[in-house]
Amino acid sequence: MRPDHLGDVVGQPHLTSSSSALARLMTDSGPSASVIMWGPPGTGKTTIARLIATEMSAEFVELSAVSATVKDVRGVIEAARGSMDLYGRKTVLFIDEVHRFSRTQQDALLPAVENGWVILVGATTENPSFSVIPALLSRSLVLPLNPLGPDDVRVVLDRALGHPRGLPSTSLDGRATDLVVRLSGGDARRALMLLEAASVVADSGDPAVRVEVGHVEAAAIHTAPRYDRAGDRHYDVTSALIKSVRGSDVDAALHYLAIMIEAGEDPRFIARRLMILASEDVGMADSAAITLATTAHTAVSTVGLPEARLTLAHVVIYLSLAPKSNSVLRAINSAQEDVRAGRTGPVPARLRDAHTASARSIGAGEGYAYPHDEAAGVAAQRYGPDEMGSARYYVPGAHGAEVRIAEQAERIRQLLGRAPGFQDPRA
């Protein structure tokens, strides 16, 4: 069911219009620029690569970055040079999953691309800025492909049901169509596979096959979400989980957690991220959060999936509904900024270790006031170096336990601030 013409490719109008850069490239007289296509699976990358070769009357050679070697690449390049020299015919070298090529393999392509011996068409589901070497990127036209929308997938299904190369004797009822569209996740290839499998399930021997919801469900059984543990989708879903918890949307957070679990993500990775979030986004507003998250990491590491999903869901729900404060993050950031800027100095003599006679001989520990001897449990003395001044790194938030902690912190600072003879160098 691959389209025979660029205009038949669905969901990518920015590439298929007659005025697009790709359309101008796909002419015999057009420039021999190489192309890197970046987009989700099942959006037309391989189809467009084949159409480029067809429209340019060029040889089409396909390599998979998973299995191809440098020797394979050089063999294609030599053959392409021979075809150009003998017949004046160009060669389109299509490399699927080009992001999996090593730097050495990508370097091997450079002379051929630069000299126009081949027209490279690379397909990747990863951001090429991170996975393709700059020298190759600078010599290529980067074309992003959009995920297919529900209407685009319906067009693909309708074509398959009405075309001699597809399933012309099969029909889908409305609810079955909606289910296939939803399960496809914007992947045209997956939609067609589901359609074909469902038609086999529904085939009772009659010339006309009617596919209903039950047939699609039986064919699908289990549809894994689109997710690559080492790719963009991995980082996007992880980011969405964290931001949903931070935003206190417990239902969205559980949805993204479910995607990660169903895709086979390492549960310890999820637990580690939740531990970070517990201090970064809940922090002092509910200090039980970090204890729960840390305990969960231990439990997840011990139990493993599938049971660990309950522990992860427990923590996600708790953190989502907990009061939020980023005061811990702001406090350590502020303190580190001062240290990096040189606003620090020697440890005050009274705070230095005084266990040795040599240390005591230069004043270590002299004048230190023991807080437990004070009625309030706080001694009026300076702890920070003089260069620190009266900097306040910890600024309590206004939610959860920090409302009470803010009052306590202020009382303590007032007691500490009574230390005699101190002048703030920042004043």
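Is Ser-248 buried, exposed or partly exposed, and what is its relative accessible area? In this predicted model, Ser-248 is partly exposed, with a relative accessible area of 36%, and the views below take up this residue together with several other places in the chain.

**View 1. Ser-248 in the loop between helix 12 and helix 13.** The loop that holds Ser-248 lies between helix 12 (232-246) and helix 13 (250-262). Although Ser-248 is a residue other than glycine, its phi is positive, near 65 degrees.

**View 2. Ser-57 in the loop between helix 3 and strand 2.** Ser-57 is not a glycine, yet its phi is positive, at about 50 degrees. The loop in which Ser-57 lies is found between helix 3 (45-55) and strand 2 (59-64). With a relative accessible area of 45%, Ser-57 is partly exposed.

**View 3. The cis peptide bond from Leu-305 to Pro-306.** The peptide bond that leads from Leu-305 to Pro-306 is cis, and its omega is near 10 degrees. Pro-306 is found in the loop between helix 15 (288-303) and helix 16 (308-321).

**View 4. Ser-184, a buried residue of helix 9.** Ser-184 lies in helix 9, which covers residues 174-184, and its relative accessibility of 1% counts as buried. The side chain of Ser-184 reaches the backbone oxygen of Val-181 at 2.7 Å. When neighbours within four places in sequence are left aside, Ser-184 is in contact with Val-153, Arg-190, Ala-191 and Leu-194.

**View 5. Helix 10 packed against helix 11.** Helix 10 (residues 188-202) and helix 11 (residues 213-220) pack at an angle of about 115 degrees, and their axes are 8 Å apart. That angle makes helix 10 roughly perpendicular to helix 11, and the crossing of the two is right-handed. Leu-194, Ala-197, Ala-198, Val-201 and Ala-202 of helix 10 meet His-215, Val-216, Ala-218, Ala-219 and Ala-220 of helix 11. Sorted by class, this contact has 9 nonpolar residues, 1 polar residue and no charged residues.

**View 6. Helix 4 packed against helix 5.** The axes of helix 4 (residues 70-87) and helix 5 (residues 103-115) lie 9 Å apart, at an angle of about 10 degrees, and the two helices are therefore roughly parallel to each other. Val-70, Val-73, Arg-74 and Ile-77 of helix 4 meet Thr-104, Gln-105, Ala-108, Leu-109 and Ala-112 of helix 5. By class, the contact has 6 nonpolar, 2 polar and 1 charged residues.

Conventions. Residues numbered from 1 in each chain as written. Predicted model: local features only at pLDDT ≥ 70, side-chain atom pairs only at ≥ 80, totals over all residues. Heavy atoms only, no water. Axes fitted to C-alpha atoms, helices over the stretch in contact; angles between N-to-C directions. Helix = DSSP H or I, 4+ residues; strand = E, 2+ residues; numbered from the N terminus. Parallel < 35°, antiparallel > 145°, perpendicular 65-115°, else oblique. Left-handed = near helix turned anticlockwise from the far one by under 90°. Contact = heavy atoms within 4.5 Å. Nonpolar A, V, L, I, M, F, W, Y, C, P; charged D, E, K, R; others polar. Buried < 20%, exposed > 50% of the residue type's maximum accessible area, 1.4 Å probe, protein only. Polar contact = N/O pair within 3.5 Å; in protein donor to acceptor, adjacent residues only side chain to side chain.
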